[in-house]
Amino acid sequence: MEKFFDYSELHEIYDVVIIGGGPAGLTSGIYAARDNLKTLILEKNYPGGQVAITEVIENYPGFPEGISGGDLTDQMYKHALHFGVQVKNGECCGIEFDGNIKIVSLKHNDLKIKTKSLIIAAGARPKNLEIPGEAKFLGKGISFCATCDGAFYRGKTVAVIGGGDSAVEEAHYLTRFAEKVYIVHRRDKFRAAKILQDRVFSNPKIEVVWNAQLVKVNGETKVESLTILDKVKNIELDLKIDGIFVFIGWVADTEHFRGVLDMDESGFIRSDESCKTCVPGIFVAGDVRTKELRQVVTAVSDGAMASKAAEKYIEEFFGEH
Ligand code: NAP
């Protein structure tokens, strides 16, 4: 994926600009380009987004043996390029309007990109623990990615925080490396899918610590223990561990759309079923949208919906493209 250098690489006005190159954004791009719309995807990190660093995806239809997130999103990226989508490295930091034209500002350079329609598919970022000791060890013993950092914990003991699909799935994955994995959960029930729960309950390397409120992370130069409060017995205890993997949900990075788009208290953007936001010509797709189920399959579905809605909007407000 290339960086923008100057305006010569830009169309004067795009039909569709898509913020985010994960499954939702790449799918929007494929649909838009096949409708012959001038389409640009802006991705701030790497194509594929969070899914690209997921070890294996077992519930994307068509792959009964599972497929790695990297392989799946790489194919989606190639698919988008194949139909002529421009995919560029860039981070949106603001939006202005000139009548029906939307103007996207990029961070780190002065480029302003004009477009008839905008699809926000910016995904979400992992939630922090927000307890004492976290800041000191972020990236140095506290991780949000088992695929990236699991191998550093060969033969060691780690704590996985959370009780959703991510925590339970990643805890199981981490037993490939770690000698022991605690799953530390704040309630007495997981919300994860039953099949994933069964897998961890039958894994002898995993011990679940229920009803645990996180108190602080301890250590001098490295993570040494996690203090938790047993909410049933009302006693504090220290779990001796070498690392912590946090999977407690997601928040949306949508600060620069605040005041423009309608969003919930965590920053997820509200839309209708066809992915239209409260602003005509701006659509939202994937994890950044308020929704019940955040999965690759729902992200790609949103991507298609948003793109078709954008095409209709362009026809209505700008005529033939
Ligand atoms: P999630 O479903 O929101 O689960 C977050 C977990 O963290 C919950 O168990 C929650 O506890 C706990 N939690 C939240 N805030 C906390 C805090 N401050 N301190 C301690 N614990 C806290 O997040 P996720 O597991 O990342 O999943 C997100 C979405 O992706 C879901 O829709 C999920 O189905 C999907 N996903 C699917 C797969 C798959 O299908 N294989 C894999 C990964 C993710 P409570 O339960 O008490 O609320």
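This is a predicted model: local features need pLDDT of at least 70, side-chain atom pairs count only at pLDDT 80 or more; totals for chains, interfaces and linings use all residues.
User: How many residues of domain 1 are in contact with domain 2, and what area is buried between them?

Analyst: The size of an interface is often given as the accessible area lost when the parts come together. Here about 610 Å² is buried between domain 1 and domain 2, and carbon and sulfur atoms give 46% of it. On the domain 1 side, I53, E55 and E58 lose the most area to domain 2, together 66% of what that side buries. As for contacts, 6 residues of domain 1 touch 8 residues of domain 2.

User: How many salt bridges are there between domain 1 and domain 2?

Analyst: There are 2 salt bridges between domain 1 and domain 2. To read one, look for a side-chain nitrogen of Lys or Arg within 4 Å of a carboxyl oxygen of Asp or Glu. The side chains of R199 and E58 form a salt bridge, at 3.1 Å from N to O. The two domains also have 5 residue pairs in polar contact.

User: Which residues are closest to the ligand?

Analyst: The ligand is surrounded by 18 residues, and the closest are N59, D165, S166, R187 and R191.

User: Which polar atoms of G164, R186 and W250 lie by an oxygen atom of the ligand, backbone or side-chain?

Analyst: For G164 it is a polar backbone atom, 3.3 Å from a ligand oxygen. R186 places a polar side-chain atom 3.0 Å from an oxygen atom of the ligand, and W250 has a polar side-chain atom 2.9 Å from a ligand oxygen. Taken alone, the ligand exposes 910 Å², and the protein buries 78% of that.

Definitions and conventions
Residues are numbered from 1 along each chain as its sequence is written. Side-chain values use heavy atoms; hydrogens and water are left out. Contact means heavy atoms within 4.5 Å. Buried area is the accessible area (1.4 Å probe) that two parts lose on being put together, summed over both. A polar contact is a pair of N or O atoms within 3.5 Å; within protein, one must be able to donate a hydrogen and the other to accept it, and residues adjacent in sequence count only if both atoms are side-chain atoms. A residue is near a molecule or strand if one of its heavy atoms lies within 4 Å of it. Accessible areas come from the Shrake-Rupley method with a 1.4 Å probe; for residues, only the protein chains shown count as cover.
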